[in-house]
Amino acid sequence: KDAHVLAIEIKPEQRHLEGSLLRAIDLLASMISSGTTKRQEERIRRLGEFLIEEVDLPPTAIMEATMRADTVRHLIEHGKWLTAAQIAQKGGYSKSNPAAPANRWKKEGKAFAVNFKGQDLFVAYQFDAAMKPRPVIAEILAALKKTDPWKIAAWFASANGWLRGKRPQDCLDDAVAVVAAAKEKAAGFDG
């Protein structure tokens, strides 16, 4: 096959973005060559357009978006996630409206969900064996107030100095300590 050349003009004031742009192009090329679905191809196309149109983003914004994507990927791969329907099935809730209990708990601040690929996912550790929200979760969510759900999930999954290096999700039986750690986080003191 004949090689094709792709030329991208980078203005002198955008030179600092050259490395990020090259990494993004390399990532797109590897995604495309690995075989993709039509939906993935559309996302790749839109990402490419975004990168080309928005190449004047500050490097910190690109780095923050990359770090967030890495965090989301890690949380999804290493967490036990449930849909509202799975919670209803495991808990023996109504089959006529299986999403109702989990969505009600989310609205009431008794549980939290992250949106992944257009679907709410609830992390399993916030429920007891009967698939009811553990009371400590409501206290933690009240302390963290209106924090982004992905940031809440990351907080639960990260080692915390206030909990002697343990992850909050592993300390839910010690409600006093984990709620205190959440309050420290809300006050701006990461553990």
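Q: At what angle do α6 and α7 pack, and how far apart are their axes?
A: Axes are lines fitted to C-alpha atoms, for helices over the stretch in contact, and angles run from 0 to 180 degrees between N-to-C directions. In this predicted model, α6 and α7 pack at about 120°, and their axes are 12 Å apart. Angles under 35 degrees count as roughly parallel, over 145 as roughly antiparallel, 65 to 115 as roughly perpendicular and the rest as oblique. The pair α6 and α7 is therefore oblique.

Q: What is the handedness of the crossing of α6 and α7?
A: A crossing is left-handed if the near helix is turned anticlockwise from the far one by less than a right angle, and right-handed if clockwise. The crossing of α6 and α7 is right-handed.

Q: Which residues of α6 and α7 meet?
A: Contact means heavy atoms within 4.5 Å. From α6 come Ile137, Ile140, Leu141 and Leu144, and from α7 come Ile152, Trp155 and Phe156. By class, the residues of this contact are seven nonpolar, no polar and no charged. Here Ala, Val, Leu, Ile, Met, Phe, Trp, Tyr, Cys and Pro count as nonpolar, Asp, Glu, Lys and Arg as charged, and the others, Gly among them, as polar.

Q: Which residues of α7 are buried, and what covers them?
A: Buried means under 20% relative accessible area, exposed over 50%, partly exposed in between (1.4 Å probe, protein chains only). An α-helix has 3.6 residues a turn, so residues three or four places apart point the same way. In α7, residues 149-157, the buried residues are Trp150, Ile152, Ala153, Ala154, Trp155 and Phe156. Their cover includes α3 (59-78), β1 (81-82), β2 (114-116), α6 (135-144) and α8 (175-186).

Q: What is found at the start of α7?
A: A polar contact is a pair of N or O atoms within 3.5 Å; within protein, one must be able to donate a hydrogen and the other to accept it, and residues adjacent in sequence count only if both atoms are side-chain atoms. At the start of α7, a side-chain oxygen of aspartate 148 comes within 3.0 Å of the backbone nitrogen of tryptophan 150.

Q: Where do asparagine 160 and glutamine 169 lie, and are they buried or exposed?
A: Asparagine 160 lies in the loop between α7 and α8, and is buried at 4% relative accessible area. A polar atom of the side chain of asparagine 160 lies 2.7 Å from the backbone nitrogen of tryptophan 162. Glutamine 169 also lies in the loop between α7 and α8, and is buried at 18%. Beyond neighbours within four places in sequence, glutamine 169 contacts Tyr125, Phe156 and Ala157.

Q: Which residues have a positive phi although they are not glycine?
A: Among them are lysine 117, with phi of about 55°, and methionine 131, with phi of about 65°. Lysine 117 sits in the loop between β2 and β3 (119-123), and counts as exposed at 56% relative accessibility. Methionine 131 sits in the loop between β3 and α6, and is buried at 8%.

Q: How many helices and strands does the chain have?
A: Helices (H or I, at least four residues) and strands (E, at least two) are DSSP runs, numbered from the N terminus. The chain has eight helices and three strands, in the order α-α-α-β-α-α-β-β-α-α-α. Of its 191 residues, 29% are buried.

Q: What do the values rest on?
A: Local features need pLDDT of at least 70 and side-chain atom pairs count only at pLDDT 80 or more, while totals for chains, interfaces and linings use all residues. Residues are numbered from 1 along each chain as its sequence is written, and side-chain values use heavy atoms, with hydrogens and water left out.
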